[in-house]
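Morning, everyone. Let's walk through one structure together. Please look at the screen.

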Amino acid sequence: MTFAQLLDILRDLHPDIDFETAEGLIDHKVLTSFDVVSIVAELSETYDVELGAVDIVPENFNSARALFALIQRIENE
Amino acid sequence: MTFLSSGFLLLVGALLITYYVLPKRFRYLALLAGSVVFYALAGRAYLPFLTITVVTIYGAARLLGRSLEKQKAYVAAHKTELTKEALGAYKKGEGRRRTAIFLVCLLINLGLLGALKYTGFLLSAFRAPWEVHWVLPLGISFYTFQSVGYLIDVKRGKYPPEKNFLRYALFASFFPQMIQGPISRYDMLSKTLYEGADFDMDRLGRGLVRIAWGAAKKLIVADRLAPALGLLFGAEAGNYRGSWVFLGMVLYALRLYADFTGGIDMALGVGELFGVILPENFDRPYLSKNIEEYWTRWHMTMGGWFRDYVFYPLNVSKPFLKWTKRLRTKFGDSFLSRLPLYTATLITWLATGVWHGAGWNYALWGLTNGVVIILSLTLKPLYDRFHRRFPSLKEKKAYGAFEILRTFLLMCLIRLWDCYQGPGGVWRAFSSLFTVFNGDAALSGLDALGLSLSAWVIVLCMAALMLFVSLQKGDGSFRTRYLNTPARLWTIAGLLLLLCLLLGAYGPGYTASDFIYGQF
């Protein structure tokens, strides 16, 4: 999947946030636990990217870039 | 033994001297010895249960760690000569072994917690002809969950297991968190727990301020309100309807906050005396604007535990993801396609409720929280549309205050499950809020609740002080803004202790109330 596709998923959840630059999405409570679960479900359903419970840590969800890096890591495994 | 007993104060005093006299590398042993003494003084019968948890979790974590290391070494050594499938099969076999170890250990510990905490309730619920009165070790829900969290993290490979048994035993039993938490994570707590901090008068002052602040909340607000709430929710609760229920639920919110945050302040303050940083458990929860936000700010370490070890694993499990996929294909982006998410939410909240205690009320309290969260999620599109129609509303301070008040009252209503016996009692109290109008009687009868006028004034002044401190936190913590010189630190610590002595609920015939969360 591409970074642009990930941005689309995130913008669907919060159209008012600029995910290209936003940092601290979890630390600043921009993304809730329900948002995280929706993202994981969308990634699994549409892009066959399967995140485990172990991957759901703030560092991986604090920015779109960090999340994309995780997705690339999983895709390369 | 509670924070406010002479035994506890003596123990901390003796431990402080021992801790700072010992060489740095042995200081954690002083904390471990202190923790064992604390727990033995709390109840010698508790010790075997804590020991079982410490030994089994330590042993299982070591086995899991060894299996992960062995797997890593095997994969590194055979990466080039074996096919991907062969390596996958090996990993699967090791994974199965780890799951078996994990499940056996989980069964022992959750089985112990379940048996001690819920057997009596289950026997009476199913009208069994016999009763049991088993010992319930102090803080068993807290230390079991903290230990299980550690085991899950090791199994996930988040960090290697602690090899030193005594260091692990200290993590599981560190005494300030045994009364009512917080529930710590090993990777965070271990940063300071074994460090053997240098003696620092400023840090000692900060710890004392935190302890005195917690004691003030507990003694001046929580314990002063306890008799009034005993009347409102006790055997004669039927006499207090309508406005009394409203008054009771607001006072209970105040008491619970003062009691629980007071206890946590004391736990964190005691930790600070030894240079140990325990996790914060509250972030001004009564200033939350919706229930979802509230639960990220109240009892944060418990909420985080259930989120990370129950809610997320359920939602990202293969059956739940498959279920979501199937429903989305069939129903698109509708309410029905979110059934797996709602089911996971209800399971998580039911578990949270049951964690608090054995009784239908706790389960129903948990489920009510889950249902309200689901409702607020379902209505979110409507809410968003409303705000798109009135975009300036969110900017207005009055609207923010309305959201805070609405969330506070909603949480008060959900807590009626805490206050009354059985669904019938809760329903009668709840419905009387809308059918019995006796505001005048409630106001004129305040003195009948066992508190004098001066006591009410003291409680309200302290509550106002608590609100003032909470509001300061918005621009950095109160401590960093105002308690930034040694003179201020020690003066405030002294003043707070004086405040406890002058205004606290204690004296001849007085017995310190147990912490509400201590019973969980």
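One term before we start: a crossing of two helices is left-handed if the near helix is turned anticlockwise from the far one by less than a right angle, and right-handed if clockwise. Keep that in mind. Also note that this is a predicted model.

Start with chain B as a whole. It has 22 helices and zero strands. Along its principal axes, the C-alpha trace of chain B spans about 85 × 70 × 60 Å. Of its 520 residues, 38% count as buried. Now the contacts in chain B between residues at least 6 apart in sequence: 76% of them join residues at least 24 apart.

Next, a pair of helices. We describe two packed helices by the angle between their axes and the distance between the axes. Take H2 of chain B, residues 27-42, and H6 of chain B, residues 165-173. Their angle is about 50°, and their axes are 9 Å apart. H2(B) and H6(B) are therefore oblique to each other. Which hand does the crossing of H2(B) and H6(B) have? It is left-handed.

Who meets whom? On the H2(B) side we find, among others, B:Leu32, B:Ser35 and B:Tyr39. On the H6(B) side, the residues include B:Arg167 and B:Leu170. The residues of this contact divide into eight nonpolar, two polar and one charged.

Last, the two chains. Here 14 residues of chain A are in contact with 16 residues of chain B. The chain A side divides into eight nonpolar, four polar and two charged.

Conventions: Residues are numbered from 1 along each chain as its sequence is written. Chains are lettered from A and ligands numbered from 1 in the order in which they are written. This is a predicted model: local features need pLDDT of at least 70, side-chain atom pairs count only at pLDDT 80 or more; totals for chains, interfaces and linings use all residues. Axes are lines fitted to C-alpha atoms, for helices over the stretch in contact, and angles run from 0 to 180 degrees between N-to-C directions. Helices (H or I, at least four residues) and strands (E, at least two) are DSSP runs, numbered from the N terminus. Angles under 35 degrees count as roughly parallel, over 145 as roughly antiparallel, 65 to 115 as roughly perpendicular and the rest as oblique. Two residues are in contact if their C-beta atoms, placed from the backbone, lie within 7 Å. Ala, Val, Leu, Ile, Met, Phe, Trp, Tyr, Cys and Pro count as nonpolar, Asp, Glu, Lys and Arg as charged, and the others, Gly among them, as polar. A residue is buried if 20 or more other C-beta atoms lie within 10 Å of its own, exposed if 12 or fewer, and partly exposed in between; C-beta atoms are placed from the backbone.
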